[in-house]
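Dear colleague,

I am passing on the structure that we talked about, and I would be grateful if you could look through it alongside the notes in this message.

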Amino acid sequence: MGWTAYIIPVIFLTVLLVSFFKKKTGYNIFIDGSKSAISLMAQVFPFLLTVLVAVELFRASGVSAAVANFLSPALNLVGIPAELTELMLVRPLSGAGALAILDNIFTRYGADTYIGLCASIIYGSSETVFYVSSVYFSQTKIKNLRYAIPVSLAATFLGCVLGCLLMRFFL
Amino acid sequence: MNMIWMLLLISGTAVMLFTNPDGILKAMLDGATGAVGLAMQLVAMYAFWLGFFALLERTGAAGLIAKILRPLIRFLFKDIDEKTEKFISMNMSANLLGLGNASTPMGIGAINAMNDGKKAFATTNMIMLAVISATSLQLIPSTVISMRIAHGSTDPTAFLLPCIVSTVSSTVIGILSVKLLSRALGREPKTRRGREKRAKTGGRPLPLGDK
């Protein structure tokens with residue numbers, strides 16, 4: 001990890017120094033910028049809540065586990081261990097939900113097994129597709145995202161398959 | 001999105017009706033409570049990063065980053081103005097640094113800058129930005145690494161190379177698909193009158209719908 005820990009602090013320090021030498025009032029600028037955070041959240045919040053209510057019910061009801069069970073033979077065929085189907089299913093829906101599943105997988109199978117490593121790849125290389133797509137458009141009237149979500153999901157899935165395949169060569 | 005949301009709720013409720021009827025409301029309220037907690041965390045993040053980005057903007061650093069990323073952005077997005085370009089470059093650099101929460105306000109800003117208020121359909125540029133963000137640009141998944149350390153992994157970064165291959169290839173596949181699809185589908189759909197009317201009378205607009 002080492003050097004990566006320095007990236008953000010160094011950027012921060014540089015920007016502060018530049019603003020000092022350019023005689024900008026950093027204090028006021030920062031306030032100006034952060035002002036809009038609450039109104040932004042006020043608009044994003046309904047989307048957040050609506051998605052999370054459904055996702056939590058989907059998980060708590062055991063439907064996600066059942067669907068995962070149903071899909072796992074197909075995923076096994078492309079080299080993704082059956083134990084990881086639920087992670088793949090929840091990952092695009094909820095970051096926190098997927099993190100809980102990841103934690104569970106590490107506890108049960110260990111972080112250094114093939115399953116644990118594949119789980120790390122799946123979580124690390126993908127995003128909460130549905131959250132990104134609904135929040136980004138939350139301030140517009142645009143209702144139809146056309147092919148944005150299918151393309152994102154398919155691309156993420158292919159990436160994961162490729163990553164898990166490659167992982168085999170490292171064991 | 002509506003379909004997916006309905007599907008999640010209907011299947012969840014139907015199953016729990018048989019297995020655990022008491023748990024239905026609890027699960028949904030747990031979700032709502034989780035959303036409030038998450039919102040609190042996110043407000044703090046948004047406020048900090050928006051403040052920080054204002055500093056980047058006023059010191060000229062944002063313009064510099066936009067200039068560095070310009071060739072790439074010009075290749076990915078057709079005909080965008082300078083303001084949009086700045087938002088997109090900030091969004092991308094925050095994503096690359098693994099600051100997902102910092103990139104969100106910039107992504108919203110970019111979409112707003114590309115929007116003229118009349119559209120009911122996402123333009124190719126908007127789809128491109130959504131796909132690039134949704135396929136994850138993050139090169140160093142710090143959350144997973146710290147989680148692996150917490151679980152006593154002997155080599156917490158062992159998965160890093162396949163992971164980078166995975167995330168880069170997913171983003172490249174996403175970009176290529178958008179390029180191909182936008183070409184294959186030809187012109188962008190015009191705002192149809194019926195849809196426009198619905199968008200106007202529909203009250204609070206939902207970003208995703210019908211499909």
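Predicted model: local features only at pLDDT ≥ 70, side-chain atom pairs only at ≥ 80, totals over all residues.

Residues are numbered from 1 along each chain as its sequence is written, and chains are lettered from A and ligands numbered from 1 in the order in which they are written.

Chain A contains nine helices and zero strands, where helices (H or I, at least four residues) and strands (E, at least two) are DSSP runs numbered from the N terminus. Its radius of gyration, taken over C-alpha atoms, is 20 Å, whereas a compact globule of 171 residues would have one near 16 Å by the rule of 2.2 Å times the number of residues to the power 0.38. Along the principal axes, the C-alpha atoms of chain A fill a box of roughly 60 × 45 × 30 Å. The domain assignment, which is an automatic or database one, divides chain A into domain 1 (1-35) and domain 2 (37-170), and the C-alpha centres of these two domains lie 33 Å apart.

Turning to the contact between the chains, chain A contributes 78 residues and chain B 87 residues, two residues being in contact if their C-beta atoms, placed from the backbone, lie within 7 Å. On the side of chain A that touches chain B, the largest share, 15 residues, comes from α3(A). The residues of that side divide into 46 nonpolar, 22 polar and 10 charged, with Ala, Val, Leu, Ile, Met, Phe, Trp, Tyr, Cys and Pro counted as nonpolar, Asp, Glu, Lys and Arg as charged, and the others, Gly among them, as polar.

Arg91(A) counts as buried because it has 24 C-beta neighbours inside 10 Å, the cut-offs being 20 or more other C-beta atoms within 10 Å for buried, 12 or fewer for exposed, and partly exposed in between, with C-beta atoms placed from the backbone. Leaving aside neighbours within four places in sequence, Arg91(A) is in contact with Ala98(A), Ile122(A), Tyr123(A) and Ser126(A).

With best wishes
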